[in-house]
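Please walk through the following structure, beginning with the ligand and its surroundings and moving on to the sheet, the pocket and the cavities.

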Amino acid sequence: MTAEKSSALYARALQLLPGGVDSPVRAFRSVGAEPLFMKRGAGARIVDEDDNEYIDYCMSWGPLILGHADPDVVRAVQATAAHGTSFGTPHRFEVELAALITGSFAGIEKIRFVNSGTEAVMSAIRLARGFTGRDKFIKFDGCYHGHADHLLVAAGSGLATLGTPDSAGVTAANAGDTIVLPFNDLGCVEACLRQHAGQAAALIMEPVPCNYGLIMPSTDYLRGVRELCTRHGVLLIFDEVITGFRLSAGGAQKYFDVRADLTTLGKIIGGGLPVGAYGGRADIMALVAPDGPVYQAGTLSGNPLAMAAGIATLAKLVPGAAYAELRGKADFLRDALRPCLDTYRGRCLFQQIGSIFSFCFTDLERVSCVDDIRTGDMRRFARFHRAMLERGVYLAPSGYEVGFISTAHTEDDLLRTAEAVQQSLAAVLG
Ligand SMILES: *Cc1c(COP(=O)(O)O)cnc(C)c1O
């Protein structure tokens, strides 16, 4: 595997972009290597500048549930672009995508499109504060909700990878209304809501935390949180930027049968183009401008290209068969991995929920909080990552990230992946 062209581009990028990248975790620092520059993708495969081909499980960090360059998505984007890329006026595709999403998420009666998951979360928190007249909000250790100031507190992979618990440039005042709790501990939520009675506007969570490794929630926990929020008049926000249209067409909410008051979406709903959205109960959304006093706007919000890519993607997901197919593929991979995972039991833990998976070099049998993830050996992950790359499998370049299976992954891809895992684990663990 040569990386001459990637390496040359990276050298140039380092002179022009901080860290040579536009998003920190892309820089490969936590796996102690240099990033690869990709030039094209099709289905489950990506090809770098040096013409190395990989089976991809990063999938642009989640959006590409149909694989790279899905023909229907590409056609929709091309056809839309030919008629203009942005109008700054309402567009029929906003209505179409909104109908697809509200039809799938029982808890989303109205929705507003923005340009990123970060923006969606930022706006949802503002809305929750406007609705309740309260300032504080609760988040969980290890949950990532984008990079808005008040959310960069105990927040997930990019930060974990850099070893900074907080970001410079975030003022104490900004972080001061953010309460951080450990995940999967209902007693903590109850105590906190009692202590801050009447002060918390919202509780925000990734229903399945995917940004600090993969943390498995218990269904009772999610239902318990729902009940406590209702009892204390605190809005429950599910950040489904990853899990929305990933775990099911109704997201984690349908998967676990728990309904949030507000939901944030991104990634999959833009089909690989920049998008975010927040939505929920109609009485809460009624406060968003121009209907209400909570201001929020965007020059490119509801962009026709992004809406077209989203519609083409959701059209293939909403009928529901795609989720059985994805689960079949995930089960197939797990079964193919079983013999080697048995061999390395107690040293490497493979976790999976729907089409999301993770490898953690821990002796635990299940990861249910950030302290569990912290038992993971990230140096081992780095060696594993390198070994997988050498065998033509591209995993996200951090042990704090998850992998995504798409509908484009074939049984052959999955078998080859299992083989690569077996060889890489042998190389790393002996
Ligand atoms: C990716 C992500 C975000 C941020 O979305 P961006 O589009 O990167 O701003 C927010 N929340 C969760 C759960 C995410 O995974």
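In this predicted model, the ligand is surrounded by Ser116, Gly117, Thr118, Tyr144, His145, Gly146, Glu206, Asn211, Asp239, Val241, Ile242 and Lys267. Sorted by class, this shell comprises three nonpolar, six polar and three charged residues. Individual atom pairs show how some of these residues meet the ligand. A backbone N or O atom of Gly117 is found 2.8 Å from a ligand oxygen atom, and a backbone N or O atom of Tyr144 lies 3.3 Å from a ligand nitrogen atom. Asn211 takes part through its side chain, where an N or O atom is 3.0 Å from an oxygen atom of the ligand. Taken alone, the ligand exposes 380 Å², and the protein buries 84% of that area.

The next element to consider is a sheet. Four strands form an open sheet of mixed pairing, in the order β1-β2-β3-β13. Strands β1 (38-42) and β13 (393-394) stand at the edges, and because each has a single partner strand, one side of each is left without a neighbour in the sheet. In general, the strands of a sheet pair through backbone hydrogen bonds, in either a parallel or an antiparallel manner. Here β1 and β2 (residues 45-48) run antiparallel and are joined by four bridges.

Attention now turns to open space in the protein. The second largest pocket holds about 580 Å³ of space. Its lining consists of 26 residues, and those nearest the centre of the pocket are Glu94, Ile111, Arg112, Phe113 and Pro290. The elements α3 (92-104), β4 (110-114) and α10 (282-285) each give two or more residues to this lining. Of the elements, β4 gives the most, with four residues. By class, the lining of the second largest pocket has 13 nonpolar, nine polar and four charged residues.

How many cavities of 30 Å³ or more does the structure hold? There are three cavities of 30 Å³ or more, and the largest cavity has a volume of about 80 Å³. Phe357, Ser358, Phe359, Phe381, Leu395, Ala396, Ser398, Glu401, Val402 and Gly403 line the largest cavity. Strand β12 (residues 356-360) gives the most to this lining, with three residues. The lining of the largest cavity has six nonpolar, three polar and one charged residues.

Methods: Residues are numbered from 1 along each chain as its sequence is written. This is a predicted model: local features need pLDDT of at least 70, side-chain atom pairs count only at pLDDT 80 or more; totals for chains, interfaces and linings use all residues. Side-chain values use heavy atoms; hydrogens and water are left out. A residue is near a molecule or strand if one of its heavy atoms lies within 4 Å of it. A polar contact is a pair of N or O atoms within 3.5 Å; within protein, one must be able to donate a hydrogen and the other to accept it, and residues adjacent in sequence count only if both atoms are side-chain atoms. Accessible areas come from the Shrake-Rupley method with a 1.4 Å probe; for residues, only the protein chains shown count as cover. Ala, Val, Leu, Ile, Met, Phe, Trp, Tyr, Cys and Pro count as nonpolar, Asp, Glu, Lys and Arg as charged, and the others, Gly among them, as polar. Two strands pair if DSSP finds at least two bridges between them. On a 1 Å grid over the protein atoms alone, a cavity is a set of points where a 1.4 Å probe fits but cannot get out, and a pocket is an open set with protein on both sides within 12 Å along at least five of seven lines; lining residues have an atom within 4 Å of a point. Grid points are joined across faces, edges and corners, and a volume is the space filled by probe spheres set on the points.
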